[in-house]
Amino acid sequence: MERFFGGNPALVLARLAILSLIVGVVLAALGFSPYDILQNLRDLAARIYDMGFAAIEKGFRYFLLGAVIVFPVWLVMRAFKIFGRETGAEMAETGPPKREA
């Protein structure tokens with residue numbers, strides 16, 4: 001249980017309660033209410049839904065644009081890493097090249 005909470009669960013919950021109280025006071029001083037925040041989240045979800053598949057299409061285009069660069073660079077780096085290991089293994093077997101004086 002401590003691994004999940006990141007420490008003693010009772011202490012973590014106490015810290016979260018105190019932090020929630022402080023944030024609540026600050027938000028109340030700024031004029032926010034929990035109902036306003038929930039309503040804004042609902043409006044945001046509705047706007048995203050209303051945008052429909054145009055947002056998904058735009059996101060997919062950005063993905064493809066980045067993938068044109070990222071995947072080839074990744075592939076080249078992997079190739080260099082694989083070839084680099086082979087030459088490193090050969091050096092371990094034969095030792096470093098010796099220079100003649």
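Let me begin with helix α3, which gives the largest share of the nonpolar patch on this protein chain, namely 6 residues. Before I go on, please keep in mind that this is a predicted model, in which local features need pLDDT of at least 70 and side-chain atom pairs count only at pLDDT 80 or more, while totals for chains, interfaces and linings use all residues. Residues are numbered from 1 along each chain as its sequence is written, and side-chain values use heavy atoms, with hydrogens and water left out.

The patch has about 1,000 Å² of surface and is made by I18, I22, V26, L30, F32, I37, L38, L41, L44, I48 and M51. The elements that give two or more residues to the patch are α2 (9–29) and α3 (34–51). Such patches are made of residues with over 30% relative accessible area and no salt bridge, where nonpolar side chains (Val, Leu, Ile, Met, Phe, Trp, Tyr) are joined within 5 Å and like charges within 9 Å.

Now to the chain as a whole, which has 4 helices and 0 strands, in the order α-α-α-α. Helices (H or I, at least four residues) and strands (E, at least two) are DSSP runs, numbered from the N terminus. Of the 101 residues, 3% count as buried, and the accessible surface comes to about 9,700 Å², with 71% belonging to carbon and sulfur atoms; these areas come from the Shrake-Rupley method with a 1.4 Å probe, and for residues only the protein chains shown count as cover.

How far does α2 reach from its first C-alpha to its last? With 21 residues, α2 reaches 30 Å, close to the 30 Å expected at 1.5 Å a residue, the expected span being 1.5 Å times one less than the number of residues. After α2 comes G31, whose phi is positive, near 95°. Helix α3, with 18 residues, reaches 26 Å, close to the 26 Å expected, and is followed by G52, where phi is again positive, near 65°.

The count of salt bridges, each a side-chain nitrogen of Lys or Arg within 4 Å of a carboxyl oxygen of Asp or Glu, comes to 1. E57 pairs with R61, the closest N and O atoms being 2.8 Å apart. These two are 4 residues apart in helix α4 (residues 53–94), so they are separated by about one helical turn. E57 is partly exposed, at 43%, whereas R61 counts as exposed, at 56%.

Finally, a word on confidence, or pLDDT, which runs from 0 to 100 for each residue. The mean for the chain is 82, and 83% of its residues reach 70 or more, with the lowest confidence in helix α1 (residues 2–5), at a mean of 73, and the highest in α2, at 91.

Conventions
Buried < 20%, exposed > 50% of the residue type's maximum accessible area, 1.4 Å probe, protein only. pLDDT = per-residue confidence, 0-100.
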